[in-house]
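I opened this entry to record how the two chains meet. The notes follow in the order in which I looked things up.

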Number of protein chains: 2
Amino acid sequence: MKLKALGEDRLLDQLLPRLPLGKSVSLGAGDDCALVNAPADRNFLVLKTDCIVEGVHFLPRANPLDIGWKAMMRPLSDFAAASAVPQFALITLIASKETEAEWVKRLYGGLNRAAKRFKVSIVGGETSSTRGPVVISVSVIGFVEKKRWVSRRGGKVGDDLFVTGRLGGAIKGKHLQFVPRIAESRWLTKNFSIHAMMDLSDGLGVDLPRLARASKVSFKIEVENLPLNRGAKIDNAVSEGEDYELLFAVSPRQRDRLLQGWRKKFPKLPLTRIGSLNPQSAIRNPQLKGGYLHFQQRG
Amino acid sequence: MKLKALGEDRLLDQLLPRLPLGKSVSLGAGDDCALVNAPADRNFLVLKTDCIVEGVHFLPRANPLDIGWKAMMRPLSDFAAASAVPQFALITLIASKETEAEWVKRLYGGLNRAAKRFKVSIVGGETSSTRGPVVISVSVIGFVEKKRWVSRRGGKVGDDLFVTGRLGGAIKGKHLQFVPRIAESRWLTKNFSIHAMMDLSDGLGVDLPRLARASKVSFKIEVENLPLNRGAKIDNAVSEGEDYELLFAVSPRQRDRLLQGWRKKFPKLPLTRIGSLNPQSAIRNPQLKGGYLHFQQRG
């Protein structure tokens, strides 16, 4: 049955009872606003929105379960970057009236599965029709302890640069099925002083210069050390996006303890030192195509 | 200059410094997540997302200042419905690469102006390209005192039904320039026990049955008492949407004090008793075309 035959209210009747809802939700989807318990005073409230668009972030023939998964996991990857705990999500779905209701239900299956993976409650949303491509926008609300939040800004000269996992080639499939590094990020800030962190969504060559710029430093990459996915080359690791791995800066004094602790805690996931942060006055090394020049243009 | 020539990062450089930011924002747009102060323990956190789509909620030739205004004010109208105070907003803009950057700046001019009107900080957002119509999605985060929140669910048999302002004909222009009834709603919950409330976005004939259904009651409307906008007829007031006025249920014991206090506090804005809530077993009167039948189908 197509959405235009089913109607918005009947669609919602089918979707709403299946949404994951935690105990801290006082009023979930279906009313004008959602009401939830606020985080404790010692925490910051953390806010993030992201969207995926048909033809840009996924192909029309992609599995709707995967599309829903990706739509939820993208903003959750930003939570990993801030070392924050996600709690609540709002979903906006913009789709043609000709869309099959079954497709929408499977999309929500993917959104729900992804939300449950990180104990996120889906507390509201909005649907609208369009004559254009499908758009799914997800806003996520959560918290981070005031002593544990990390931004892109705190990188210091001399810091080691690390990345989790392997880079490059995500477009072959990983971009639809990745798991945000929230557990890893929470472990990092519990045990170490992480100076700056971000998730790699646009590619190391674009994202690392953003971290360096926000921290007012430059960087040096040991290209030969980049951890590559099977079949990926250095160019893929630098220029492609959608790795959703963590990039972070930490004092080299913590290096040994970090690498040893990591291997014990996350034995299956590589952690690789890929370079360091340098003084801004150092000669810039245009080793990162695109990303570096882009940074230089704006310096 | 078109967006594809300007590029996302340079566009953000121009937009971000102008975003309204209050003192409770610790980290605004530009990082992976926004960090803000959480509301006090005695309050609920309030969450709402809404979107507008070119060709559905606005025409391509509409003034971008008005479009931005409407995109922000729609979720704020839901805050009015919950008697909540909005504090933070996240913006998602999905537009063609061929869009003029100047158009986007004026759109943000409207978003910023609307946000400032209610002291809302714009703390983050996302942009994406599309080959389809423009989409603007706005998520708003705020608070409401645990003793003051109102939903659609609390209407009681015998309650008076009131609407603010006048209904019908919004499509002629008001839908782009309305002011959400947040001040009015906050006054109502400060001074009266409001049992149920919502904002009229889809039209009285659709929205009132939703309130009645959520409250598990039926309703009776005195059609001849509906407050009409100039040029609007009863049919317009019932069937058209986008009035963004408040509909609420309150005990008739408060009627006289409510009407007297309102005239003093909001002398320019009508407040009209339009009917009452009845027992669910009462014979249903299909006086509201579309809306009522829609309710009946689902009863």
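I started with the buried area, taken as the accessible area (1.4 Å probe) that two parts lose on being put together, summed over both. Between chain A and chain B it comes to about 5100 Å², and carbon and sulfur atoms give 57% of that. I then looked up which three residues of chain A supply more than any other three: A:Asp32, A:Leu45 and A:Leu47, with 14% of the area that chain A buries against chain B.

The model is predicted; local features need pLDDT of at least 70, side-chain atom pairs count only at pLDDT 80 or more, and totals for chains, interfaces and linings use all residues. Residues are numbered from 1 along each chain as its sequence is written, chains are lettered from A and ligands numbered from 1 in the order in which they are written, and side-chain values use heavy atoms, with hydrogens and water left out.

Next I took contacts (heavy atoms within 4.5 Å). I find 66 residues of chain A in contact with 66 residues of chain B. Since 100% of the interface residues of chain A are also interface residues in chain B, the copies meet through the same surface.

I then listed salt bridges (a side-chain nitrogen of Lys or Arg within 4 Å of a carboxyl oxygen of Asp or Glu). The rule finds 8 of them across the interface of chain A and chain B. In one salt bridge, the side chain of A:Arg152 meets that of B:Asp32 at 2.8 Å, N to O.

For secondary structure I used DSSP runs, numbered from the N terminus: helices are H or I of at least four residues, strands are E of at least two. Strand β3 (residues 43–53) of chain A gives the largest share of the side that touches chain B, 10 residues.

I also checked strand pairing, which requires at least two DSSP bridges between two strands. Strand β2 (residues 34–37) of chain A runs antiparallel to strand β3 (residues 43–53) of chain B, joined by 4 bridges. There, A:Val36 has B:Leu45 as its bridge partner.

Last, I superposed the copies by least squares on the C-alpha atoms of residues with pLDDT of at least 70 in both. A rotation of 180° with 0.0 Å of shift along its axis puts chain A on chain B, at RMSD 0.0 Å. I note this as the relation of a two-fold axis. In chain A, A:Gly132 has the C-alpha nearest the axis, 2.1 Å from it.
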